[in-house]
Amino acid sequence: MSKDKQTEISRRDLVKLGVGVASASAMVLSGFQALGQNNTKKKKKGAEAAAKCEMIGDNDPMAKSQSYVADKSKVDLAKIEPKEKAQYYSKRMETEWKDQYCDNCLLMAPDPEKSAPKGFVKCQLFAGKCVAGKGWCKSWAKKVG
Ligand code: SF4
């Protein structure tokens, strides 16, 4: 084999190697793009859910009637009417009070991840409006299962 022929083969090999590296790079790049698109889709889904979900405020009349609070740590049980206080201090409520949140309430809509933005759930009592996952109201009932 002549020296020129060897050089030509080496060039061919180099070109092939270059094409192979370029293809592999393109595959890796498309993999990263797919991953990025997946994250973008998830963010978009959360944003769509947030756009569809009407938030309920602590001052909403319906929320007030149910003593709803977005931040349960603000609930002052001593200020709740005596008639209702008896209910709150009952054996069942005493033992479960610390664990009562909107995000484990029987009345939250199913599939909270799909229907509400992160940190919120849709409440069936409030006609599907969004409430804070760590919120609470006096209609809280233990979710079964
Ligand atoms: S009914 Fe349940 S989910 Fe709805 S606001 Fe009250 S505690 Fe939260």
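Is Glu96 buried, exposed or partly exposed? Glu96 is partly exposed, because 13 other C-beta atoms lie within 10 Å; a residue is buried with 20 or more other C-beta atoms within 10 Å of its own, exposed with 12 or fewer, and partly exposed in between, the C-beta atoms being placed from the backbone. The model is a predicted one, in which local features need pLDDT of at least 70 and side-chain atom pairs count only at pLDDT 80 or more, while totals for chains, interfaces and linings use all residues. Residues are numbered from 1 along each chain as its sequence is written.

**Overall make-up**

- The protein has 5 helices and 2 strands; these are DSSP runs numbered from the N terminus, with at least four residues for helices (H or I) and at least two for strands (E).
- Along the sequence the elements follow the pattern α-α-α-α-α-β-β.
- The protein has 145 residues, and 16% of them are buried.
- Of the contacts with a separation of 6 or more, 58% are between residues 24 or more positions apart; two residues are in contact if their C-beta atoms, placed from the backbone, lie within 7 Å.

**The two strands**

- Strands E1 and E2 run antiparallel and are joined by 4 bridges; two strands pair if DSSP finds at least two bridges between them.
- Lys122 has Cys130 in E2 as its bridge partner.
- In a regular strand, side chains alternate between the two faces of the sheet.
- From E1, Phe120 and Lys122 point one way and Val121 and Cys123 the other way, and all are buried.
- The hairpin of E1 and E2 has 5 residues between the strands.
- Ala127, in the loop between E1 and E2, has a positive phi near 55° although Ala127 is a residue other than glycine.
- Ala127 counts as exposed because it has 10 C-beta neighbours inside 10 Å.

**The nonpolar core**

- The largest nonpolar core has 19 residues, of which Cys102, Val121, Cys123 and Val131 touch the most other members; such a core is a set of buried Ala, Val, Leu, Ile, Met, Phe, Trp, Tyr and Cys residues joined through C-beta atoms within 7 Å.
- Strand E1 (120-123) and strand E2 (129-132) are the elements that give two or more residues to this core.
- Leaving aside neighbours within four places in sequence, Cys102 is in contact with residues including Met108, Val121, Cys123, Val131 and Trp136.

**Around the ligand**

- There are 15 residues around the ligand, and Cys102, Cys105, Leu107, Cys123 and Cys137 come nearest; a residue is near a molecule or strand if its C-beta atom, placed from the backbone, lies within 6 Å of it.
- The shell divides into 12 nonpolar, 3 polar and no charged residues; Ala, Val, Leu, Ile, Met, Phe, Trp, Tyr, Cys and Pro count as nonpolar, Asp, Glu, Lys and Arg as charged, and the others, Gly among them, as polar.

**Individual positions**

- Glu96 lies in helix H4 (residues 91-96).
- From C-alpha to C-alpha, Glu96 and Lys142 are 8.9 Å apart in space and 46 residues apart in sequence.
- Gly119 is in the loop between helix H5 (112-115) and E1, and counts as exposed because it has 12 C-beta neighbours inside 10 Å.
- Apart from neighbours within four places in sequence, Gly119 is in contact with Ala132 and Gly133.
- Ser67, in the loop between helix H2 (61-65) and helix H3 (82-88), is not a glycine but has a positive phi of about 55°.
- Ser67 counts as partly exposed because it has 18 C-beta neighbours inside 10 Å.
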